[in-house]
Amino acid sequence: MLMKDKVGLVTGAGSGMGRAAALALAAEGATVVLAGRTEDKLAIVRDGIVGSGGKAEIKAMDASRSEDHEALVQFVESRFGRLDFAFNNAGGHADFKPIHHTSVEESEWVIDLNFKGVYYGVKYQIEAMLRAGGGAIVNNASIFGLRGIDGIAHYVAAKHAVVGLTKAVAKEYAARSIRINAVCPGATQTPNYMRSTGGDVHLLDDMIPMRRIGQPEEVAEAVLYLLSDKSAYVTGTTLSVDGGMTT
């Protein structure tokens, strides 16, 4: 029970990597607050956790809004008295297109969700963890926080910013018992991946040394490691979970 008696939150917990991480954390004894925009999806995940003997609650929020992150942390503290861990997972992008064909509205939505949605999460989570005496945060930075790809410049820029944020705040709070790391998943079979590829799970096989895309549960195992005491001497790192794509 790697997370026994710990309390934390997962954003974007209704599907994909967020859902898989929430299930893995709860299975290891954590109480998990599931956050996201769609309460119906969150409720399904919560019911699955509770049905298996775990502990979970839901909180609707828009990860692109700073006030929603503040309210989410306040909710966790009011219900459970502290915040021990957080997985800032919420993110996404629209269809691939050149930057000069990308509207300002789409650009702002992608940057707000993928960068500000992590930045403000980290800000309020750290405030709570300082009150609790420590904690651990994992940010979902994506493989495109480490490399470029054409067609989603706004997303790539936001994910690079997440990596920079992770490194900066990890140094700021390393001596105050708060660890901050990032996972950088490659192609992973999530709803967003299936939508953007037309559902072809083998589309990118030739680009990946392991010749297959990843599963959300494989990313969840990396998140679990970084949030648990198994990684007690790890902070400020980016852990690639990408089948070798960045080697």
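This is a short tour of the structure above, one selection at a time.

The model is predicted: local features need pLDDT of at least 70, side-chain atom pairs count only at pLDDT 80 or more, and totals for chains, interfaces and linings use all residues. Residues are numbered from 1 along each chain as its sequence is written, and side-chain values use heavy atoms, with hydrogens and water left out.

**Stop 1: the whole chain**

Show the protein as a cartoon. Look for 7 helices and 7 strands. Helices (H or I, at least four residues) and strands (E, at least two) are DSSP runs, numbered from the N terminus. Follow the chain from the N terminus: the order is β-α-β-α-β-α-β-α-β-α-β-α-α-β. The radius of gyration, taken over C-alpha atoms, is 17 Å. Along the principal axes, the C-alpha atoms fill a box of roughly 45 × 35 × 35 Å.

**Stop 2: inside and outside**

Buried means under 20% relative accessible area, exposed over 50%, and partly exposed in between (1.4 Å probe, protein chains only). Of the 247 residues, 51% count as buried.

**Stop 3: the largest core**

In soluble globular proteins, nonpolar side chains tend to be buried together. A nonpolar core is a set of buried Ala, Val, Leu, Ile, Met, Phe, Trp, Tyr and Cys residues joined through side-chain atoms within 4.5 Å. Select L9, L83, V122, I126, I137, V169 and I180. These have the most contacts inside the largest core, which has 32 residues. Now color β1 (7-11), β2 (31-36), α3 (66-80), α4 (104-132), α5 (153-173) and β6 (178-185): each gives two or more residues to this core. The largest share, 7 residues, comes from α4.

**Stop 4: around I180**

Zoom in on I180. What is I180 in contact with, leaving aside its neighbours within four places in sequence? Contact means heavy atoms within 4.5 Å. The partners are I126, I137, N139, T166, V169, A170, Y173, T235, G236 and T237.

**Stop 5: a second core**

Select A22, L42, A43 and V138. They are among the 31 residues of a second, separate core.

**Stop 6**

Most residues other than glycine have a negative phi. Go to D5, in the segment before β1. Its phi is near 70 degrees, a positive value. D5 is exposed, with a relative accessible area of 54%. Finish at R211, in the loop between α6 (191-196) and α7 (216-227). Phi of R211 is near 60 degrees, also positive.

Definitions and conventions: Rg over C-alpha atoms; globule rule 2.2 N^0.38 Å.
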